[in-house]
Amino acid sequence: MRRRTVLLAGVSLSAAAVGKSFAASVFLDYTQEQLDKAYDQSLWAPQMAELEASDGTASAAVRRAMPPRTAQYGPDADDLIDVFAPANTKAAPVLVFLHGGAWTRNTREDVSYPAPTFVTRGAAYAAPDFGSLKTLTLPQMVENCRQAVEWTVKNAAGFGGDPNRVYVAGHSSGAHLAACVIMTDWTQRGLPADAVKGGFLMSGMYDLYPVLLSSRSGYLHLTGAEEAEFSPMRHLDRIGCPIAVASADQDSPEFKRQSDVFAEALRGMGRLASRTVAFDANHFQEPERLKDPDTEVSQAAFKLMGL
């Protein structure tokens, strides 16, 4: 009896251990703690604050050296977009860049630093403000980004740009927003269906389901319908232009996985323009590669835009 009791106790303990292990997995093989960490870039780039501050400093220097044209693209006074364009140019390709910052940080003035790389290559560079989750909902932010791109297409000729060569780029949460912009039915806004000629997406999130399972759900509040609507991975049929996907080798695990999965899906449907990995770079150093025209990141953007 004693031996049987011990054996039964062992079975119970094993079953409990299996149950505990199963319950601890909230997405793929991630425990809740692991998933939270996989979406927290500060753990993978401890110098995050310093790197973002450096971007702001570099952007301020660019704005002093080559002041942008600032216009209002939407109905609100805060709907502003900066445009940097080559002097005396006509029909230049245009890149609209959407900044990152977990949908809560940064402004257009923090991402002026890539402008010289594109302007000296003969392209116009535009960066809009689009609000944050501190005051807006994610659907409102997506709409602002769409309005900014719509304004760019309609007004490109006014600043020497080519309305038939407008591209959209973004980093991190900005890459997510850029992917949502690319899914837009532009014919509903009086524009050609191919108003956006390509996308350059760096370390974005393309399926919001695991994001909402992570600690980011504390500020990213979406209904089930909104989660589905604003997950580009679930609307691949709406993507009608070539997409270049980039990520950093020191990105957090989920940002690597999301980029890989999205890129492979695009490859399968013939929409992947390129797949770039920025080596020896973390999440915040990756977009800084756009300061140098000779880096793999800049070269991927140039190739997409035909520069």
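1. A word on terms before we look around: a pocket here is an open set of points, on a 1 Å grid over the protein atoms alone, where a 1.4 Å probe fits and protein lies on both sides within 12 Å along at least five of seven lines; lining residues have an atom within 4 Å of a point. A volume is the space filled by probe spheres set on the points, which are joined across faces, edges and corners.

2. Please keep in mind that this is a predicted model, in which local features need pLDDT of at least 70 and side-chain atom pairs count only at pLDDT 80 or more, while totals for chains, interfaces and linings use all residues. Residues are numbered from 1 along each chain as its sequence is written, and side-chain values use heavy atoms, without hydrogens or water.

3. The second largest pocket comes to about 240 Å³. Its lining includes Asp76, Asp78, Asp79 and Asp129, along with Phe130, Gly131 and Ser132. By class, this lining holds four charged, five polar and two nonpolar residues; Asp, Glu, Lys and Arg count as charged, Ala, Val, Leu, Ile, Met, Phe, Trp, Tyr, Cys and Pro as nonpolar, and the others, Gly among them, as polar.

4. Helix H3 (residues 48-65) supplies the largest share of the lining, three residues; helices are DSSP runs (H or I, at least four residues) numbered from the N terminus. Ten of the lining residues are polar, nine nonpolar and six charged.

5. Leu138 deserves a click in your viewer: leaving aside residues up to four places away in sequence, its contacts (heavy atoms within 4.5 Å) include Trp103, Leu177 and Phe230.

6. What about disulfides (pairs of cysteine sulfur atoms within 2.5 Å)? The whole structure has zero. For Cys145, the nearest cysteine sulfur is that of Cys180, 8.6 Å away. Cys145 is buried (under 20% relative accessible area, with a 1.4 Å probe and protein chains only), at 0%, and Cys180 is also buried, at 0%.

Conventions:
Helix = DSSP H or I, 4+ residues; strand = E, 2+ residues; numbered from the N terminus. Disulfide = S-S within 2.5 Å. Buried < 20%, exposed > 50% of the residue type's maximum accessible area, 1.4 Å probe, protein only.
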